[in-house]
Amino acid sequence: MTETTLRATLTPVSSTTRVLECATDEIGEVAAGVVATAIAARSMGVLGVATGSSPLALYDALVRHRGAGLRTDALRLFALDEYVGLDAADPRSYAAYVRSMIAGPLGIPNDLVHVPSGSTDADGAIYERIIAEAGGVDLQIVGIGRNGHIGFNEPGSDAGTRTRVVELDQSTRRANAEHFDGDLAQVPTHAMSQGVATILAARRIVLVASGAAKAPALRAALLGPVTPGNPASFLQLHPDVTVVADHDALRENR
Ligand code: F6R
């Protein structure tokens, strides 16, 4: 499947960022095409994975690539973040998401799956070391929060941040309350998140976004000043970013 048949259009934003604009129901295939091509180019790869709703269609499409012969079971996975206080066995944890939505369907064994855990910055430093020992992340998938967060690097996070404990914005907790019976009080207040510097250290980054609610943050990320006020804007500093987004998410970029 090619970008042309998917009607994706290529919009140059900066010399290092390309934007593949497509219909909402094509995002998964377009983004998975980028990821699958990268996987196929290596016998063993390190894939950074986001959780949340944005990349779900990408993972589904990647599973179809696996069905068509793409070797995914040797991938090593590193998740971006995890709620502090949720056990990996908790179905609302990102560890559970990574197991059930990504690792399981892609045939990746548990010992190749890494999700941040713990509740101290020292735990974050351990996670950084494991990433480094794996040789770093080849391709990092990210979503974007309505406030411009990547990972759980909320506004105010600077370019030098590494994996650490972060306090979640109220807006982020509200956005994620749907996974906690709609009850804000159940949403953890803190998370362990890769930092901006951790994310930028990946060799390639693929950002997926859909819907009008993401448009202001995405516009600021792509075209605005590079500032901790919109942590996704730091992606402008990265040499190899691909944005796969639908018309609504990109509508403010025209
Ligand atoms: C998830 C993550 C977050 C989400 C962002 C968008 O691991 O790091 O940055 O990507 O909150 O979430 P969705 O895709 O659910 O809108």
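Predicted model: local features only at pLDDT ≥ 70, side-chain atom pairs only at ≥ 80, totals over all residues.
Ala 95 sits in helix α3. As for its place relative to the rest of the chain, Ala 95 and Gly 28 are 67 residues apart in sequence, and 21 Å separates their C-alpha atoms.

Met 101 belongs to helix α3 as well. Here the relative accessible area comes to 38%, so Met 101 is put down as partly exposed. A span of 16 residues along the sequence lies between Met 101 and Gly 85, and from C-alpha to C-alpha the two are 21 Å apart in space.

Past the helix comes Pro 109, found in the loop that links α3 (94-106) to β6 (113-114). With a relative accessible area of 36%, Pro 109 is again a partly exposed residue. Pro 109 and Gly 124 are 15 residues apart in sequence, yet their C-alpha atoms lie 23 Å from each other.

Another loop, the one between α5 (170-176) and β9 (190-193), holds Asp 181. Asp 181 is exposed, since its relative accessible area of 69% is over the 50% mark. The backbone is worth a look too: Asp 181 has a positive phi of about 55°, even though it isn't a glycine. For context, most residues other than glycine have a negative phi.

Thr 242 brings the description to a strand, namely β11, which covers residues 241-246. Its relative accessible area is 0%, so Thr 242 is buried. The side chain of Thr 242 has a polar partner in the side chain of Arg 18, with the contact at 3.1 Å.

The space it takes up is the largest pocket. Around the ligand sit Ala 50, Thr 51, Gly 52, Ser 53, Ser 54, Leu 80, Asp 81, Gly 143, Ile 144, His 149, Gly 151 and Lys 214. By residue type, this shell splits into three nonpolar, seven polar and two charged members.

On the side-chain side, a polar atom of Thr 51 comes to 2.7 Å from an oxygen atom of the ligand. His 149 also takes part through its side chain, where an N or O atom is 2.7 Å from a ligand oxygen.

How values were computed. Residues numbered from 1 in each chain as written. Heavy atoms only, no water. Near = heavy atom within 4 Å. Polar contact = N/O pair within 3.5 Å; in protein donor to acceptor, adjacent residues only side chain to side chain. 1 Å grid on protein atoms, 1.4 Å probe; cavity = no way out; pocket = protein on both sides within 12 Å on 5 of 7 lines; lining within 4 Å. Sits in = over half its atoms within 2 Å of the grid points. Nonpolar A, V, L, I, M, F, W, Y, C, P; charged D, E, K, R; others polar. Helix = DSSP H or I, 4+ residues; strand = E, 2+ residues; numbered from the N terminus. Buried < 20%, exposed > 50% of the residue type's maximum accessible area, 1.4 Å probe, protein only.
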